[in-house]
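Today I am opening my notebook on a new protein. I plan to look up a few things one by one and jot down what I find.

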Amino acid sequence: MRPTRTTVLLTTGLVTLLGIPAAAADTPSTLYVNNSASAPRCSDTGPGSEDAPFCTISAGAKAARPGQTVQVLAYKSYDETVTVDRSGEPGKPISIVMRPNTGGPVRVKGLKVQGASHVVVRGLTSTGGVQVSGSTDIELDRITAASQTDAVVIGAESVDVRLTRSNVLSPVRIEGGSRGTVLGRNQIRGGTTAAVDAVWGPGTIVTNNTLYLSCDAAVSFRSGSTGSGAFNNLIYTSAPKSCVNPDPRSGILVGQDSATGTRADHNLLAGFPADGVVPYKWADVVHATPAALRAATGQGAHDILTANTWDVGPWDRSPNVDSGDSAAPGVLPTDYNGYPVVDDPLAPNTGKDGGFIDRGAHELQDTVRDVQLEIAQNWAPVGTTVQAKAVADNNWPGTLTYRYDFGDGTAPVVTREATADHVYQSPCACTVSVKAITAAGNEAYRQQPIKVTPASPLATAFTAQPYLPSASDPNQLVTPLAIEVDPRSSTTPWPIVRMDVDYGDGAKEVSDPIITTRHAYKQPGTYKVTVTLQDAKGATSTAERTVQVAYTPAGYVAVHPSRVLDTRMTSSPVQGGTATPIDVPVHYYSSGPHHTAGASAAVLNVTVTGATEDTHLSVWPSGQPRPVTSNVNVKAGGTSSNTVTVPIGADGKISAQLNSGKAALIVDFVGYYQPNAGQRFTPLAPTRALDTRTAGGALGGGQTRTVKVAGVNGIPADATAVALNLTGTGSTENAHVIAYPEADKRPATSNLNLEPGKDKSNQAIVPVGPNGTITVYTNTGSTHLVLDSVGYYAKDGKALFTPVVPQRLADTRSTGKLAPGATTTVSGIPANAIGAALNVTATDTTGPGFLTVYGHGATRPEASSLNTRPGETVPNHVTTPAADGRVTVWNSYGGANHVITDLFGYFTQG
């Protein structure tokens with residue numbers, strides 16, 4: 001069949017609608033317009049390159065040659081009316097288009113095409129009307145005519161003008177003998193005149209538009225607009241405020257002089273009938289139904305009238321869906337939004353010859369909201385067939401396209417099926433992804449990891465390492481003596497369905513997947529860890545490792561002293577044969593101190609008072625056997641205190657127990673050691689920091705004295721805490737002494753308990769206060785104080801502290817007393833230690849004196865470590881340098897003593 005003239009015009013239009021041909025090789029294919037302040041400096045006299053763009057669209061239009069595209073960046077409005085009066089050539093149009101992904105509309109004051117041919121204008125927004133006059137082969141695509149008063153006018157004998165996929169807020173008028181105009185997939189609102197008004201516009205084709213009837217008509221062909229047509233349009237009626245024409249409004253109006261060769265079919269008129277509105281007025285005759293129109297003219301056989309407007313539109317079950325004529329003149333392959341023509345499987349195909357194009361500007365599309373991805377074998381050896389299945393959440397069944405990427409570099413699988421199979425050729429930790437894509441290109445995405453393993457037998461392997469607090473998060477919950485068992489180095493061709501871990505101390509753990517596990521031991525030692533894996537195919541494999549569990553070197557964190565236990569307040573005294581648990585806080589929050597189990601050892605000041613008999617107190621980590629060591633010795637009815645450094649148990653507690661009898665127990669928390677936190681320690685030979693007997697006089701009850709301890713005597717100014725041996729002598733009353741950092745923030749704790757006529761000493765670790773000072777205080781009477789510095793803690797200190805299970809190093813009760821002026825060497829400290837935390841006890845003393853503890857081979861300092869008294873057993877916490885794993889104890893020229901030395905930890909070079 002010979003093609004109609006309209007078909008030829010439509011085909012010509014699709015060449016430019018679907019693709020803009022390139023310019024000749026000797027000219028740039030693209031000119032640029034950019035009025036952005038951040039863009040390269042623009043000039044209307046420049047070359048129009050991307051680096052030197054034009055400032056105005058008009059300049060680009062005037063410079064464009066056939067085949068060139070003028071790309072316009074939408075940064076701000078262009079204050080101009082764009083006039084296009086230059087022509088392209090057949091197949092080589094001049095194109096003025098909005099730059100892709102420009103981010104906003106390209107606004108202009110007006111658009112005119114005058115005396116031009118072979119021109120494409122796409123993506124412009126005109127606030128002042130659109131005019132085409134005396135022009136041929138003009139495409140206006142994705143145009144927004146934003147004025148409600150200035151019409152779009154195609155006139156002055158223009159030929160083959162196509163207005164497509166545009167939003168027009170005012171009527172479109174075809175006049176002046178313009179021929180072959182095509183309006184397709186537009187939204188057009190009528191005004192005081194018809195939405196589409198062809199006045200001497202022969203051959204005007206109005207197809208697949210959404211038209212809003214106001215006054216006059218939705219589509220009007222008159223004054224010689226013969227051979228025209230209206231197809232697949234969706235026409236909404238409305239109630240206008242005022243109309244000039246008093247005659248009834250019409251959906252489609254065809255004048256007597258335009259009826260020849262004019263056709264109409266597959267239109268949907270929504271809101272008909274209505275008062276003052278008729279569906280058709282054809283050759284001056286009103287027709288109230290499509291049947292009446294067909295009977296009189298042969299047209300409108302497949303038109304639809306609906307009484308409502310609200311249930312008509314681009315949604316399921318609307319009568320305009322899948323009911324148009326796919327072969328109507330002027331049909332475009334894409335709709336108003338650029339979406340393709342698609343078949344809604346939920347709607348019957350009632351269009352011509354079973355076609356499924358929708359009526360109106362919009363083509364109903366499927367919507368995909370989400371997609372889930374299921375992988376039947378997400379952990380399998382090489383060579384296994386892996387099936388991926390997409391479960392999409394969309395409206396239409398069976399309409400999606402799936403794009404599977406199996407993540408191993410092979411080509412994606414594109415299919416209409418919801419499943420895809422794949423065989424991996426090499427091991428990988430790959431990511432499988434799927435896109436569920438609608439015909440319009442909307443998509444949902446999901447990905448999932450897959451483990452492709454070597455085709456090898458199951459073989460268990462694991463590492464077991466200490467699990468420690470991190471420097472970046474020192475407050476995390478990490479129990480001392482914890483290990484981390486990591487089985488991820490195992491060869492696991494199939495998923496692991498069970499993992500059994502035996503930690504060798506009676507503790508066991510079972511998990512379903514293969515995971516990294518952690519376990520805290522109650523005490524150091526050598527343990528056999530066993531891991532057994534079972535995979536999904538029933539295979540099992542076991543591996544064993546011997547693990548050495550020990551305390552880890554740690555830094556010291558000084559805190560403001562606080563009382564954590566006073567059994568005088570709870571009427572629950574400590575007693576022989578029963579261990580008392582003590583909760584240890586190791587971190588301070590705004591609400592107060594709380595145990596976080598990040599510490600490995602605590603530093604305490606422990607006081608025993610009101611003992612019912614001569615006895616001693618032992619302190620050790622909770623959950624471990626009571627050691628043979630002691631920390632505090634006290635006589636019946638007396639009070640004795642000592643600094644204690646002790647590891648923290650796996651439950652975050654320590655234990656304390658009397659050897660016999662009963663007594664009140666007071667525990668003050670002064671600091672803690674924690675791996676990957678705190679400050680390093682530098683031991684010093686005892687150096688005197690204060691002696692009130694030679695400077696300042698005795699300290700009176702209720703009085704304080706500030707002592708410079710940092711920035712002097714070899715202790716750097718940035719030290720955060722100092723270790724001191726604190727001795728009280730010449731006390732006039734039973735009293736206590738407190739050493740603390742800030743003079744105006746005295747804690748309710750104590751460091752030394754005094755008795756008249758007795759020299760008493762205790763070691764204290766005290767945070768450094770303002771200007772490198774500490775403050776000392778006594779509550780009553782008066783006393784002389786002697787302070788000897790034995791070390792300090794600082795960022796640049798030498799050593800980290802390793803706590804140990806309390807152990808006895810030496811006891812002269814089995815070798816003989818230490819005579820006055822004699823020394824004894826104590827060994828058993830690790831050879832690499834540069835310092836040690838000891839508890840030294842003097843007992844069975846024959847005369848008053850003192851002991852001095854110092855590093856083996858070093859010069860004895862002129863200071864004391866503890867004061868001995870006849871008839872009493874005197875302990876003291878001693879932090880001292882060590883060398884070759886040994887320390888030396890010297891007895892002054894008092895009486896002979898038995899000396900007992902217990903080790904609680906040691907310092908090694910950090």
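**Entry 1: before I start**

I remind myself that this is a predicted model.

**Entry 2: a sheet**

A reminder for myself: strands of a sheet pair through backbone hydrogen bonds, and the pairing can be parallel or antiparallel.

Then I zoomed in on one pair of neighbours. β43 covers residues 525-535, and I counted 10 bridges in its antiparallel pairing with β44.

**Entry 3: the disulfides**

How many disulfides are there? I get 2 disulfides.

One of them links Cys-42 and Cys-55, with 2.1 Å from S to S. The angle about the S-S bond is 105°, and this link is right-handed. Both cysteines sit in the loop between β1 (30-33) and α2 (57-63), 13 residues apart.

Cys-42 has a relative accessible area of 25%, so I note Cys-42 as partly exposed. Cys-55 is at 21%, so Cys-55 goes down as partly exposed too. Buried would need a value under 20%.

Another disulfide joins Cys-428 to Cys-430, with 1.9 Å from S to S. Here the angle about the S-S bond is -125°, and the link is left-handed. Cys-428 and Cys-430 are both buried.

**Entry 4: the second largest pocket**

I looked up the volume of the second largest pocket and wrote down about 260 Å³. Its lining has 18 residues, and those nearest the centre are Arg-568, Thr-607, Thr-639, His-736 and Asn-753.

Which strand gives the most to this lining? I found that β60 does, with 3 residues. The strands that each supply at least two lining residues are β50 (601-609), β60 (735-740) and β61 (752-754). Sorting the lining by class, I have 9 polar, 6 nonpolar and 3 charged residues.

I came across a cis peptide bond between Phe-272 and Pro-273, with omega at about -5°. Pro-273 lies in the loop between β26 (268-270) and β27 (277-282).

For Glu-157, phi is near 60°. Glu-157 is placed in the loop between β12 (152-155) and β13 (159-164). Is Glu-157 buried or exposed? Its relative accessibility is 53%, so Glu-157 counts as exposed, the cut-off being over 50%.

For Ser-223, phi is near 55°. I found Ser-223 in the loop between β21 (217-222) and β22 (229-231). With 33% relative accessibility, Ser-223 is partly exposed.

How values were computed. Residues numbered from 1 in each chain as written. Predicted model: local features only at pLDDT ≥ 70, side-chain atom pairs only at ≥ 80, totals over all residues. Heavy atoms only, no water. Pairing = 2+ DSSP bridges. Helix = DSSP H or I, 4+ residues; strand = E, 2+ residues; numbered from the N terminus. Disulfide = S-S within 2.5 Å. Buried < 20%, exposed > 50% of the residue type's maximum accessible area, 1.4 Å probe, protein only. 1 Å grid on protein atoms, 1.4 Å probe; cavity = no way out; pocket = protein on both sides within 12 Å on 5 of 7 lines; lining within 4 Å. Points joined across faces, edges and corners; volume = space filled by probe spheres on them. Nonpolar A, V, L, I, M, F, W, Y, C, P; charged D, E, K, R; others polar.
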